[in-house]
Amino acid sequence: MFKKDLLRIFRTLNSLGALTGTKFVYAVSKNINLLKNEVESLEKASAAKEDFVSYEKARVALAKEHAKKDDEKKEVTKGNEYVLEDKKKFDKAFEKLQKEHQKAIDNRKKQEEDYLKLLDEEVMVMGFPYKIKQDDVPKELTVQQMHGIFEIIEE
């Protein structure tokens with residue numbers, strides 16, 4: 001099994017909190033516990049380093065600074081982006097910011113590439129998967145949820 005599969009299964013398992021059935025709930029909890037350390041390691045490997053977090057904060061601050069303001073002096077947004085007052089002026093300042101933080105940006109790109117390679121590695125977790133019989137799976141389980149945990153269902 002690949003590490004990306006473990007992440008998918010773990011995320012799906014964590015979304016099943018509303019379902020019931022003693023055997024099913026036990027299997028979900030057991031598998032979450034079995035996968036927890038591996039998933040925490042993967043999350044740590046994907047977490048942005050401090051220098052990139054600093055760059056991101058500066059980037060957002062720059063966007064806020066260059067955003068149009070409404071009558072109450074609040075930044076105007078469209079969706080989750082700021083509406084810029086002067087795009088050319090922002091682009092010039094943003095280019096400067098990127099140059100100042102180029103090493104952090106390059107390191108983050110490398111980290112993301114390495115992480116994607118890491119997800120394609122095979123892994124074995126002792127005791128995983130803890131299987132559950134198909135008859136013990138709640139009827140409320142959706143197709144998407146079933147697909148997400150298919151590996152733990154015993155036919």
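These entries follow what I looked up in the model, which is a predicted one.

**Entry 1: helix 1 and helix 5**

I began with helix 1, which covers residues 3–14. Its axis and that of helix 5 come within 6 Å and cross at roughly 85°. An angle from 65 to 115 degrees counts as roughly perpendicular, and therefore helix 1 and helix 5 are roughly perpendicular to each other. I then listed who touches whom: K3, K4 and L7 come from helix 1, while Y115, L118 and L119 come from helix 5. By type, I get four nonpolar residues, no polar ones and two charged ones in the contact of helix 1 with helix 5.

K3 made me stop for a moment. Is K3 buried or exposed? K3 counts as buried, because its relative accessibility is 12% and the cut-off for buried is under 20%. I also checked what surrounds K3 once its neighbours within four places in sequence are set aside: the contacts are E38, L42, L118, L119, E121 and V123.

**Entry 2: helix 2 and helix 5**

Next I took helix 2, residues 22–46, against helix 5. Here the axes come within 9 Å and the crossing is roughly 155°. Angles over 145 degrees count as roughly antiparallel, so helix 2 and helix 5 are roughly antiparallel to each other. From helix 2, the contact uses L42, A45 and S46; from helix 5, it uses R108, Q111, Y115, L118 and L119. I sorted the residues of this contact between helix 2 and helix 5 into five nonpolar, two polar and one charged.

**Entry 3: helix 3 and helix 4**

Then I turned to helix 3 (residues 50–65) and helix 4 (residues 87–100). I asked myself what angle helix 3 and helix 4 pack at. The angle is about 170°, with the axes 11 Å apart. Helix 3 and helix 4 are therefore roughly antiparallel to each other. I noted the handedness too: helix 3 passes helix 4 in a right-handed crossing.

On the helix 3 side I wrote down Y55, A58, R59, L62 and A63, and these meet F90, A93, F94, L97 and Q98 of helix 4. The residues in this contact of helix 3 with helix 4 come out as eight nonpolar, one polar and one charged.

**Entry 4: aromatic pairs**

With those rings in view, I searched for aromatic pairs, and the structure holds three. I wrote up two, including F52 with Y55. The F52 and Y55 rings are 5.5 Å apart centre to centre, with 50° between the planes, and the pair is tilted. F52 and Y55 are about one helical turn apart, because they are three residues apart in helix 3. F52 counts as buried at 15% relative accessibility, and Y55 is buried too, with a relative accessible area of 5%.

F90 and F94 form another pair, this one stacked: 5.5 Å centre to centre and 10° between the planes. F90 and F94 are four residues apart in helix 4, so about one helical turn separates them. F90 counts as buried at 11% relative accessibility.

Most residues other than glycine have a negative phi, and most peptide bonds are trans.

Which peptide bond did I flag as cis? The bond from F128 to P129 is cis, with omega near 0°. P129 sits in the loop between helix 5 (102–119) and strand 3 (132–133).

I flagged K73 as well: its phi is near 70°, a positive value in a residue other than glycine. K73 lies in the loop between helix 3 and strand 1 (77–78), and K73 counts as exposed at 68% relative accessibility.

**Entry 5: distances across the chain**

Last, I looked at two residue pairs that are separated along the sequence. K139 is in the loop between strand 3 and helix 6 (143–148), and K139 counts as exposed at 82% relative accessibility.

V60 and Y82 are 22 residues apart in sequence, and their C-alpha to C-alpha distance is 9.2 Å. V60 lies in helix 3 and is partly exposed, with a relative accessible area of 33%.

Methods: Residues are numbered from 1 along each chain as its sequence is written. This is a predicted model: local features need pLDDT of at least 70, side-chain atom pairs count only at pLDDT 80 or more; totals for chains, interfaces and linings use all residues. Side-chain values use heavy atoms; hydrogens and water are left out. Axes are lines fitted to C-alpha atoms, for helices over the stretch in contact, and angles run from 0 to 180 degrees between N-to-C directions. Helices (H or I, at least four residues) and strands (E, at least two) are DSSP runs, numbered from the N terminus. Angles under 35 degrees count as roughly parallel, over 145 as roughly antiparallel, 65 to 115 as roughly perpendicular and the rest as oblique. A crossing is left-handed if the near helix is turned anticlockwise from the far one by less than a right angle, and right-handed if clockwise. Contact means heavy atoms within 4.5 Å. Ala, Val, Leu, Ile, Met, Phe, Trp, Tyr, Cys and Pro count as nonpolar, Asp, Glu, Lys and Arg as charged, and the others, Gly among them, as polar. Rings of Phe, Tyr and Trp (its six-membered ring) pair if their centres lie within 6.5 Å; planes under 30 degrees apart count as stacked, over 60 as edge-to-face and the rest as tilted. Buried means under 20% relative accessible area, exposed over 50%, partly exposed in between (1.4 Å probe, protein chains only).
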